[in-house]
Amino acid sequence: MEELLRILEKNARMPIEDIAAMLDKTPEEIAAMMDEAAAKGYIRGYDTLGGWEQPGVYHVEAVIDRSAT
C-alpha cells in the first residue's frame with residue numbers, strides 16, 4: 001500500500017495499468033488497493049496545483065485564525 005501511495009503522491013493521474021506494471025500487480029488489484037486506501041481515509045481526494053507563476057495570474061494565500069478573538 002505504501003508504494004502505491006508514494007506513486008499517487010507524485011502523479012495521481014498515472015494510469016492504473018502503469019501503476020500495476022510498476023508494482024507487478026494486475027490493474028484490478030491496484031483498483032482494489034485504491035478503493036481500500038480511500039475507505040481507510042488515506043486518499044481523501046485529488047488536488048489540482050495550478051501554474052500560478054504564469055504572467056498575469058496572481059496567487060493570494062491567507063490564513064485566518066479566529067482563536068485570538
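**Exercise 1.** Which residues gather in a patch of negative charge on the surface?

*Solution.* Before we start: this is a predicted model, where local features need pLDDT of at least 70, side-chain atom pairs count only at pLDDT 80 or more, and totals for chains, interfaces and linings use all residues. Residues are numbered from 1 along each chain as its sequence is written, and side-chain values use heavy atoms, leaving out hydrogens and water.

Step 1: know the rule. A patch takes residues with over 30% relative accessible area and no salt bridge, and like charges are joined within 9 Å. Asp and Glu count as negative.

Step 2: pick the members. They are Glu-17, Asp-18, Asp-24, Glu-28 and Glu-29.

Step 3: Helix H2 (16-23) and helix H3 (27-39) each supply at least two of the patch residues; helices here are DSSP runs of H or I with at least four residues. Glu-29, for one, lies in helix H3 and is partly exposed at 38% relative accessibility (buried is under 20%, exposed over 50%, partly exposed in between, with a 1.4 Å probe and protein chains only).

**Exercise 2.** Take Asp-24: where does it lie, and is it buried or exposed?

*Solution.* Step 1: find Asp-24 in the loop between H2 and H3.

Step 1: check its surface. Asp-24 has a relative accessible area of 72%, so it counts as exposed.

Step 2: look at the backbone. Most residues other than glycine have a negative phi. Asp-24 isn't a glycine, yet its phi is positive, about 55°.

**Exercise 3.** How many salt bridges does the structure hold?

*Solution.* Step 1: recall that a salt bridge is a side-chain nitrogen of Lys or Arg within 4 Å of a carboxyl oxygen of Asp or Glu. The structure holds two.

Step 1: take Glu-2 and Arg-6, whose closest N and O atoms are 2.5 Å apart.

Step 2: Glu-36 is partly exposed, at 36% relative accessibility.

Technical notes. Patch = residues over 30% accessible without salt bridge, like charges linked within 9 Å, V, L, I, M, F, W, Y side chains within 5 Å. Areas by Shrake-Rupley, 256 points an atom, 1.4 Å probe, with all protein chains shown as cover. Charge placed at Lys NZ, Arg CZ, Asp CG, Glu CD.
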